Amino acid sequence: MEPNTRSTGRLPAAFLTPGSSSFMDFLGAHSPEMLPGNRTLPEGAVQAPHGTTIVAATFPGGVVLAGDRRATMGNMIAQRDIEKVFPADEYSAVGIAGTAGLAVEMVKLFQLELEHFEKVEGATLSLEGKANRLSTMIRNNLGMAMQGLAVVPLFAGWDEAKERGRIFSYDVTGGRSEEHGYAATGSGSIFARGSMKKLYRDDLTEHQATTLVVQALYDAADDDSATGGPDMARRIFPIVTVMTDEGFRRLTDDESAELARVITEQRLTQPDGPRASLL
């Protein structure tokens, strides 16, 4: 007879000998109901907050991943200061767009997946391997996506083997594409991508790359109501993260505020932002 784990305080043997380097496989075998894609939805339409625009750009020596702070529910602002960019591990980060609750839960599982692999195997996954694991998780959520609860993240990190920053984008089926130079996802992505297309260069400094992504988020907010711009009154600014050979770093609130302040002041005299050269 199975011992009462509540009274003994001990976990079943299966939980102590997972037998797999994939935490998702382990969870699916022992507690499949805990996976986001296996949840049962209520009857009728489901209204849930959605995260919007995420942008990324590479520079010699690293990659930048950033996101605005607004979550919407229909035509309403559901939250003004949501966090959409999270560290995945020491050298990578993931930005979420889509159904906010499911996306945050997926990020937490992804973090556990990478940590579990490292503890079981005694080594970290390659950046390519991390991107593939995230692709599988998104594919497992396809049933939810078909019911309107899609999660479409952007993944970026420092590739220790290739010694450069890399960006990966996804579709709702888990299809993965490597992006070169810059990328965007979410409702304001078309405007953010257009902004970066004209301003991006392959010789940017780290400071220029962080400025570029904040400029792109500003342009997205200018044309997409679901994307939030810098809120100077409430001191709500984009979350900006940088991955280099030194690891993951999130810009401090003061650093993000200074970037937003400089850009906002420039926009007072040049509302459409920096001009790209015609030739």
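Tutor: Tyrosine 170 touches Ala131, Leu134, Ser135, Ile138, Val152, Pro153, Phe155, Gly175 and Arg176, leaving aside residues up to four places away in sequence. Keep in mind that this is a predicted model, where local features need pLDDT of at least 70, side-chain atom pairs count only at pLDDT 80 or more, and totals for chains, interfaces and linings use all residues. Residues are numbered from 1 along each chain as its sequence is written, and side-chain values use heavy atoms, with hydrogens and water left out.

Student: Which residues touch the most other members of the largest nonpolar core?

Tutor: A nonpolar core is a set of buried Ala, Val, Leu, Ile, Met, Phe, Trp, Tyr and Cys residues joined through side-chain atoms within 4.5 Å. Buried means under 20% relative accessible area, exposed over 50%, and partly exposed in between (1.4 Å probe, protein chains only). Here the largest core has 25 residues, and Phe110, Leu134, Phe155, Phe168 and Tyr170 touch the most other members.

Student: Which element gives the largest share of this core?

Tutor: Helices (H or I, at least four residues) and strands (E, at least two) are DSSP runs, numbered from the N terminus. H4 gives the largest share of this core, eight residues. Another core, of 23 residues, lies apart from it, with Phe59, Tyr182, Ala192 and Tyr200 among them.

Student: How do I read a pair of aromatic rings?

Tutor: You describe the pair by the distance of the centres and the angle of the planes. Rings of Phe, Tyr and Trp (its six-membered ring) pair if their centres lie within 6.5 Å; planes under 30 degrees apart count as stacked, over 60 as edge-to-face and the rest as tilted. That rule gives three aromatic pairs here. In one of them, phenylalanine 110 and phenylalanine 155 sit edge-to-face, 5.7 Å centre to centre with 80° between the planes. Phenylalanine 110 is in helix H4 (residues 100–121) and phenylalanine 155 in strand S9 (residues 154–159), so the pair ties together parts 45 residues apart in sequence.

Student: Is phenylalanine 155 buried or exposed?

Tutor: Phenylalanine 155 counts as buried, at 0% relative accessibility, and phenylalanine 110 is buried too, at 1%. Then there's tyrosine 182 with tyrosine 200, a tilted pair: 5.5 Å centre to centre, 55° between the planes.

Student: What do ring pairs link into a cluster?

Tutor: Phe110, Phe155 and Phe168.

Technical notes
Contact means heavy atoms within 4.5 Å.
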